[in-house]
Amino acid sequence: MITIQFNGEPHQLKAQALPEVLLELGAPQMCAVAVNGQFVPKNEHNSVILQDADSLDAFTPMQGG
C-alpha cells in the first residue's frame, strides 16, 4: 500500500499503475494528469508507476474563458 497526494489530499492506495490509481480514486476518464508536477500524456499513462509520497493531480476540461 502506498500513500500519495491526490489533488492536494492524502490517499492510501492498493494500486500503483496510473490507470488503476485513477480508477481507484474515481477520477473522471476525461482528465489531464500531472505526476509530481509533470504533465503525463494519455498515451503514456500505462507506463507510469506511482511511488509512495508521489503527488498526482487530475484536471477536467472546462468550457468558457
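In this predicted model, the chain has one helix and five strands. Reading from the N terminus, the elements follow the pattern β-β-α-β-β-β. The radius of gyration is 11 Å, close to the 11 Å that the globule rule gives for 65 residues, so the chain is as compact as a globular protein of that length.

Let us begin with the hairpin. Strands S1 and S2 run antiparallel and are joined by five bridges. Phe6 has Glu9 in S2 as its bridge partner. Two residues lie between S1 and S2, and Asn7 in this turn has a positive phi of about 50°.

Now for the whole sheet. Its five strands are arranged in the order S2-S1-S5-S3-S4; the sheet is open and its pairing is mixed. S2 and S4 stand at the edges with a single partner strand each, so one side of each has no neighbour in the sheet. On average, neighbouring strands are turned by 35° against each other, direction ignored. Helix H1 packs on this sheet and touches S1, S2, S3, S4 and S5. The direction of H1 makes about 110° with that of S2.

Here are some values for the chain overall:

| Property of the chain | Value |
|---|---|
| Box filled by the C-alpha atoms, along the principal axes | roughly 40 × 25 × 20 Å |
| Residues that count as buried | 34% of 65 residues |
| Accessible surface | about 4500 Å² |
| Share of that surface belonging to carbon and sulfur atoms | 52% |

Finally, among contacts between residues at least 6 apart in sequence, 49% join residues at least 24 apart.

How values were computed. Residues numbered from 1 in each chain as written. Predicted model: local features only at pLDDT ≥ 70, side-chain atom pairs only at ≥ 80, totals over all residues. Heavy atoms only, no water. Pairing = 2+ DSSP bridges. Helix = DSSP H or I, 4+ residues; strand = E, 2+ residues; numbered from the N terminus. Axes fitted to C-alpha atoms, helices over the stretch in contact; angles between N-to-C directions. Contact = heavy atoms within 4.5 Å. Rg over C-alpha atoms; globule rule 2.2 N^0.38 Å. Buried < 20%, exposed > 50% of the residue type's maximum accessible area, 1.4 Å probe, protein only. Areas by Shrake-Rupley, 256 points an atom, 1.4 Å probe, with all protein chains shown as cover.
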